[in-house]
Amino acid sequence: MGRYAMRRLFLTIPLLLVISFVTFVLLNLSPLDPVEAVLHARDIPQITHELIAQTKGELGLDRPFFIRYIHWLTACLHLDFGKSYLTGKPVSSLIGPAFLNTLKLTFVASVVIIVGSLLLGVVCAMKEGTWVDKSIRGLAFFVTAMPAYWLGSLLIWYWAVKMDLLPTSGMESYRSYILPVSVISISYAGIYFRNVRSAILNNLNEDYVLYGRACGLSEIVITKHIVRNSLQVVVSIFCMAIPTILGGTVVIENVFAWPGLGSLSVKSIMGRDFPVIQAYVLILGVAFVGFNTIADLINAAMNPRLRNNMS
């Protein structure tokens, strides 16, 4: 297991380098000059060529491309993402609190998604073809087709405005989590529970289920073994749900005015704050690679045959 883990972790290094390089290149290909964005943010009334050249020197944008990339990548390894063009503050001081706020929302939503996906998946698999299975899948298809911003607006109108039971925005208390977590859970649990259902149905067709029933084992005991053997899918759901929600909270955070990465990224894009945008994209890329690696390691630990095939 240790050899496989080292090999798997080693393979993530070139992938992370590619992600960092693509992130740096794409933002440098923007048609808008970042120097002009900085000068506009400073409310400079008249932008001259001399002022542009001077600002480029201050920001280090007059150096060769690869020198700037290496300097930026080295700084990122020390969690130094530069300074914001709009505020002049270190990007880490802006990203840090926003990342923690988004991580809180992501963790709570992930727990709800995993529990809901597991319960719905087990019920639908054990009631395959019945009206219960068809009703749950039909309802899940309907709610997941709803745009998140529209569903969020409906929940705000009913529970916050009409019923006056929940706050409309912000993160003042635990009650502030209910509406955004509900929207995220409805959007993702309706998708992930199908994976759980498929995994359980695949296990239902295995020989051990047939032998267990032939030996007179109760359905509760058989269901426990089926769920246990389907845990690899649950692990994959948990590991991939976190980065997916991290990247998908842009709409939710703006609808509910949640002070997280999503809200910060929209403000940065509107203000052409390139260092913050670069840090945001890099963090999401690292999160996807990291949690995908964690999922592979956990699945390999749970299934030695899978580990041997990958080694």
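**Notebook: helix crossing and cores**

I began with the pair α5 and α8 in this predicted model, and I noted that their crossing is right-handed. For the geometry, I looked up helix α5 (residues 91–126) against helix α8 (residues 178–204), and found that their axes come within 6 Å and cross at roughly 40 degrees. Sorting the contact of α5 with α8 by class, I recorded 22 nonpolar, three polar and one charged residues.

Next I turned to the largest nonpolar core, which has 32 residues, and wrote down I113, L179, I184, I200 and I245 as the members that touch the most others. At least two residues of this core come from each of α5, α7 (148–162), α8, α10 (219–229) and α11 (231–255), and I marked α8 as giving the most, with eleven residues.

I then followed I113 on its own: leaving aside residues up to four places away in sequence, I113 touches I184, S185, Y188, A189, Y192 and I245. I also logged a second, separate core of 22 residues, which includes F81, V276, A279 and V289.

Last, I checked helix α12 (residues 261–270), where the buried residues are L261, G262, S263, L264, S265 and S268. Just after α12, I noted that R272 takes a positive phi of about 55 degrees.

Note on methods
Residues numbered from 1 in each chain as written. Predicted model: local features only at pLDDT ≥ 70, side-chain atom pairs only at ≥ 80, totals over all residues. Heavy atoms only, no water. Axes fitted to C-alpha atoms, helices over the stretch in contact; angles between N-to-C directions. Helix = DSSP H or I, 4+ residues; strand = E, 2+ residues; numbered from the N terminus. Left-handed = near helix turned anticlockwise from the far one by under 90°. Nonpolar A, V, L, I, M, F, W, Y, C, P; charged D, E, K, R; others polar. Core = buried A, V, L, I, M, F, W, Y, C linked by side-chain atoms within 4.5 Å. Buried < 20%, exposed > 50% of the residue type's maximum accessible area, 1.4 Å probe, protein only. Contact = heavy atoms within 4.5 Å.
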